[in-house]
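I opened the model to look up its sheets, its helix packing and its ring contacts. My notes follow.

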Amino acid sequence: MDTIFALATARGKAGVAVVRVSGPRAFAVVEAMCGDVPPPRQASIRAVRDGDRALVDEALILVFAEGHSFTGEAVAEFHLHGSPAIVASVLRRLGEFDGLRLAEPGEFTRRALENDRLDLARVEGLSDLIEAETEAQRVQAMRVFSGALGEKVEAWRAKLIRASALIEATIDFADEEVPEDVTPEVSALLAEVRASLREELDGSQVAERIRDGFEVAIVGATNAGKSTLLNRLAGRDAAITSEVAGTTRDVIEVRMDLKGLPVTVLDTAGLRETTDVVETLGIDRARQRAERADLRVFLLSAPGEEPGLSPQGDDIVVVGKSDSGVGDVSGKTGAGVDGLVDRITSVLERRASGVGVAIRDRHRRALAEAVAFLDGTMAELSSGIETADMAAERMRLAIVALDSLVGRVDVEHILDEIFANFCLGK
Ligand SMILES: Nc1nc2c(c(=O)[nH]1)N(C=O)[C@@H](CNc1ccc(C(=O)N[C@@H](CCC(=O)O)C(=O)O)cc1)CN2
Ligand SMILES: Nc1nc2c(ncn2[C@@H]2O[C@H](COP(=O)(O)OP(=O)(O)OP(=O)(O)O)[C@@H](O)[C@H]2O)c(=O)[nH]1
């Protein structure tokens, strides 16, 4: 096994930079560069020297013994002064050792997975955690990284294994005395798990929104002040504004953090009848994007104006340019904009509640597959004892689908567990 190394902190100048080394040669490298290996888990100041014994840095060295580190391998960390030259020098020196090479992206985490320090879902949570830019994204990723999906899978599989065992018992006793009818208990277990899976599936749409951002479209007539409002929300000049009606032609997207929620606000072409070909294309696109968005903010020039697209559900309707007449908001002065942000975020927060731990398409597919196999199980069960083995097989496939969520894929130990937990007494 190669020993891998990489800069663990961001590139560039910084107070401190951490270079991480993981693998069998990690301690030997510290010994060669620092003279000795400090006690594990105890940050220790050492002179770091290059191949000619010249001083590279005075650094904090932190080592973790094999089996007691993030990757599960022996790990050494060099907490260096955050100078690009020091980092370059240490990386160059590390590359000179036999058996050492630069890590590939994600390779430390891959080793943690291979060494069973993390399951697949936790790895996904970790990746989202590092990507998280807003508070809602951090909270969601942290839930998954903490192993919440793995815990759910455990609970589901325990119930399904109990149900499997009951069905297996029915099969085994089928030609002997009439077995106790286990169908009601099996059905109850299946229904419980199915409902819980459905709940997760329902929440997964929103979870994906939290990951990728909600879309909020500003729509309204030309010159209503949509671009000005977008710029006010973004806190910068993202869109061109002008007194010329029909200024915005294409859809302008600005990602922002609205009270912890990741939101992409869309500024769209003003809706009006026009003979301008390019503007007409822009208006078509505006309608399409606005209809697909999670929420629309209709910005009217005057109360009662027909915006040329119908507000639906939670859509917000406000009158603009409140500084120069009757209105709710002014993109120009910022009046009413905090209130508008509150209205937007309260709608999105309401939708974001009830989100579970299935946060990726992969999770959704696995859950949907499991639901389908459970439905198959129920169908086989309802056609009687003759198809009990078919039912058991469907249920095994449902468990395999759920196990794929955490990366557990072999079937043998499912059988082991059935026999460990359920004595058939035969
Ligand atoms: N300097 C530094 N900070 C870091 C990390 C790191 O690798 N290095 N992490 C990296 O992502 C995170 C912390 N994650 C870690 C997870 C497990 C272990 C670890 O050594 N686990 C051992 C020992 C547990 C114990 O005895 O307390 C184990 O699980 O056996 C270390 C860091 C965030 N901060
Ligand atoms: N008094 C006042 N004028 C505003 C306000 N918002 C925008 N305006 C002005 O109204 C004109 C149109 O503003 P835009 O933000 O470009 O309007 P738009 O809705 O994006 O327009 P289109 O791109 O044509 O659809 C500009 O002259 C702005 O300066 C406001 O809150 N108050």
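Which residue in S5 does Leu 60 stand opposite? I found His 79 in S5 opposite Leu 60.

Ground rules. This is a predicted model, where local features need pLDDT of at least 70, side-chain atom pairs count only at pLDDT 80 or more, and totals for chains, interfaces and linings use all residues. Residues are numbered from 1 along each chain as its sequence is written, chains are lettered from A and ligands numbered from 1 in the order in which they are written, and side-chain values use heavy atoms, with hydrogens and water left out.

Terms. Helices (H or I, at least four residues) and strands (E, at least two) are DSSP runs, numbered from the N terminus. Two strands pair if DSSP finds at least two bridges between them.

First entry: a sheet. I traced 6 strands in an open sheet, in the order S3-S4-S5-S2-S1-S6, with mixed pairing. S3 (44-49) and S6 (100-102) stand at the edges with a single partner strand each, so one side of each has no neighbour in the sheet. Neighbouring strands are turned by 30° against each other on average, direction ignored. Axes here are lines fitted to C-alpha atoms, for helices over the stretch in contact, and angles run from 0 to 180 degrees between N-to-C directions. S4 (residues 55-64) and S5 (residues 75-81) run antiparallel, joined by 5 bridges.

Helix H1 (residues 26-34) packs on this sheet, and its direction makes about 40° with that of S5. H1 touches S1, S2, S3, S4, S5 and S6 (contact means heavy atoms within 4.5 Å). Helix H2 (residues 84-96) also packs on the sheet, at about 170° to the direction of S1.

Next entry: a helix pair. How do H4 and H5 run, roughly parallel or roughly antiparallel? The axes of H4 (residues 120-131) and H5 (residues 135-145) come within 7 Å and cross at roughly 155°. The two are therefore roughly antiparallel (under 35 degrees counts as roughly parallel, over 145 as roughly antiparallel, 65 to 115 as roughly perpendicular, the rest as oblique). Among the contact residues I noted Gly 125 and Leu 129 of H4, and Ala 141 and Phe 145 of H5.

Next entry: charges over rings. The rule asks for NZ of Lys or CZ of Arg within 6 Å of the ring centre and within 35 degrees of the ring normal. The charged end of Arg 122 sits over the ring of Phe 145, 4.7 Å from its centre. Arg 20 sits over Phe 108, with its charged end 4.7 Å from the ring centre.

Last entry: another sheet. Its 5 strands form an open sheet in the order S8-S9-S7-S10-S11. S8 and S9 pair in the antiparallel sense over 7 bridges.
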